[in-house]
Amino acid sequence: MTTAFLTHPDCLDHLTPSGHPERVERLEAILARIDTPEFSGLDRIEAPLGTVDQVLLAHPLAYYTRIESSVPDSGIVPLDADTYLSPGSLNAALRGVGAAAKAVDLVLDGMADNAFCATRPPGHHAETSTAMGFCLFGNVAIAAKHAIQIRGLDRVAIVDFDVHHGNGTQDLVWNDPGIFFASTHQMPLYPGTGYPSDRGAHNNILNVPLNSGADGSALINAYRQSILPAVRRFKPELLIISAGFDGHRADPLAGLDFETSDFSEVTRLLCDFAAEACDGRVVSVLEGGYDLEALADSVAAHLKVLMEHDR
Ligand SMILES: [Zn+2]
């Protein structure tokens with residue numbers, strides 16, 4: 001089998017104002033970086049358009065309708081200080097939803113060993129009824145709820161190594177006993193959430209903040225010492241990764257000191273864990289990463305490790 005790589009040209013049609021870090025060039029850099037023979041083994045799959053029903057797994061209809069009706073006919077409009085909509089934004093965001101749900105299906109159906117969704121805008125800051133932090137819909141939370149409510153799994157774990165706390169994912173899964181959410185993130189930093197005292201309604205949240213300047217060894221230690229033991233106790237049937245690469249030392253939005261190789265190492269740790277805990281079922285979804293070269297290199301490193309892990 002193979003690693004599925006899901007993306008769609010619609011994800012290049014979500015436009016943000018000049019100078020905005022979450023820009024079209026991010027996905028273009030990733031696609032250019034993997035347009036080489038070493039990635040010819042990826043199973044490239046066109047991301048389907050997510051359905052309204054999939055969005056409603058995590059968000060109320062009133063929120064979906066508000067986003068839909070806010071999409072402009074032309075130009076770019078703000079939803080908050082850093083989250084924008086352009087005419088192509090709804091379809092771009094729905095491709096992110098569709099990709100994440102399709103990736104779950106491919107992995108559960110044995111059509112792929114594991115999967116990576118190269119979509120934008122990202123999703124982990126989108127709360128139940130609030131778009132924020134460049135995010136519109138909670139892609140990974142929707143994917144986890146799809147796995148449970150539509151595909152019949154009992155327990156799904158989400159791990160988030162983006163440099164920012166996944167406040168949206170935390171909000172969307174807080175009351176869901178079938179979903180365990182663990183996050184490493186720089187603190188203090190946007191969005192200001194992610195305290196270890198936040199444990200979820202079912203003790204299903206684990207936040208492990210990292211100090212500014214923390215390097216890859218701090219990330220690996222957090223996974224080895226607290227996150228993976230907790231996820232193991234949860235006994236997940238599927239592991240979903242909120243894969244943000246803005247912890248890289250070159251990233252302009254944050255102050256961690258990860259190198260590209262650290263993303264290889266954490267990916268290897270997670271894939272090895274999944275091989276033993278949940279038959280290797282891993283679905284990874286792109287979140288942040290704003291230095292184009294560091295982002296492309298880090299995604300490539302992440303993909304190489306996913307491709308090494310046959311189930
Ligand atoms: Zn981020």
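Leaving aside its neighbours within four places in sequence, with which residues is S284 in contact? The contacts of S284 are A115, F116, C117, I241, A243, H302 and L306. The structure is a predicted model, and its chain comprises nine helices and 10 strands. This briefing begins with the chain as a whole and then turns to its strands, cores, helices, zinc site and backbone.

**Overall form**

- Taken along the principal axes, the box filled by the C-alpha atoms is roughly 50 × 45 × 40 Å.
- Of the 311 residues, 60% are buried.
- When contacts between residues at least 6 apart in sequence are considered, 77% of them join residues at least 24 apart.

- Strand 5 covers residues 114-117. Its residues N114 and F116 point one way, A115 and C117 point the other way, and all are buried.
- In a regular strand, side chains alternate between the two faces of the sheet.
- Strand 1 (residues 3-7) runs parallel to strand 5, and four bridges join them. Within this pairing, A115 is the bridge partner of A4.
- Strand 10 (residues 282-286) is also parallel to strand 5 and is joined to it by four bridges. Here C117 has V285 as its bridge partner.

**S284 in strand 10**

- S284 belongs to strand 10.
- With a relative accessible area of 0%, S284 is buried because the cut-off for that class is under 20%.
- Between S284 and S264 there are 20 residues of sequence separation and 13 Å in space, C-alpha to C-alpha.

**Nonpolar cores**

- The largest nonpolar core contains 50 residues. Those with the most contacts inside it are F116, V159, F161, Y223, L239, L270 and L303.
- Helix 7 (residues 216-234) supplies the largest share of this core, namely nine residues.
- Apart from this core lies another of 48 residues, which includes V71, L106, A115 and L136.
- Setting aside neighbours within four places in sequence, F161 is in contact with T184, L219, Y223, I241, S242, A243, G244, F245, F263, V266, L270 and H302.

**Helix 1 and helix 9**

- Helix 1 spans residues 24-33, and its buried residues are V24, R26, L27, A29 and I30.
- The elements that cover these buried residues include strand 1, strand 10 and helix 9 (292-308).
- A301 lies in helix 9. Its relative accessibility is 11%, so A301 counts as buried.
- Beyond its neighbours within four places in sequence, A301 is in contact with T260 and S264.
- A301 and A250 are separated by 51 residues in sequence and by 16 Å in space, C-alpha to C-alpha.

**Zinc site**

- The zinc ion has protein donors from D162 (OD), D162 (OD), H164 (ND1) and D246 (OD), at 2.0 to 2.8 Å from it.
- Along the sequence, the spacing of the donor residues is D-x1-H-x81-D.
- The four donor atoms subtend angles of 52 to 152° around the zinc ion, and therefore the arrangement is irregular.
- For four tetrahedral donors, the ideal angle at a metal is 109.5 degrees.
- D162 and H164 are both buried.

**Backbone features**

- Most residues other than glycine have a negative phi, and most peptide bonds are trans.
- R120 and P121 are joined by a cis peptide bond with an omega of about 5°. P121 is located in the loop between strand 5 and helix 5 (139-150).
- A cis peptide bond also leads from M187 to P188, with omega near 0°. P188 is in the loop between strand 7 (179-186) and strand 8 (205-210).
- N203 is not a glycine, yet its phi is positive, at about 55°. N203 is in the loop between strand 7 and strand 8, and its relative accessibility of 48% means that N203 counts as partly exposed.
- K235, which is not a glycine, has a positive phi of about 55°. K235 is placed in the loop between helix 7 and strand 9 (238-243), and K235 counts as exposed because its relative accessibility is 54%.

Technical notes
Residues numbered from 1 in each chain as written. Predicted model: local features only at pLDDT ≥ 70, side-chain atom pairs only at ≥ 80, totals over all residues. Heavy atoms only, no water. Buried < 20%, exposed > 50% of the residue type's maximum accessible area, 1.4 Å probe, protein only. Helix = DSSP H or I, 4+ residues; strand = E, 2+ residues; numbered from the N terminus. Pairing = 2+ DSSP bridges. Donors = N, O, S within 2.8 Å, 3.2 Å for Na, K, Ca; no water. Tetrahedral: all angles 85-135°; square planar, octahedral: opposite > 155°, others 65-115°. Core = buried A, V, L, I, M, F, W, Y, C linked by side-chain atoms within 4.5 Å. Contact = heavy atoms within 4.5 Å.
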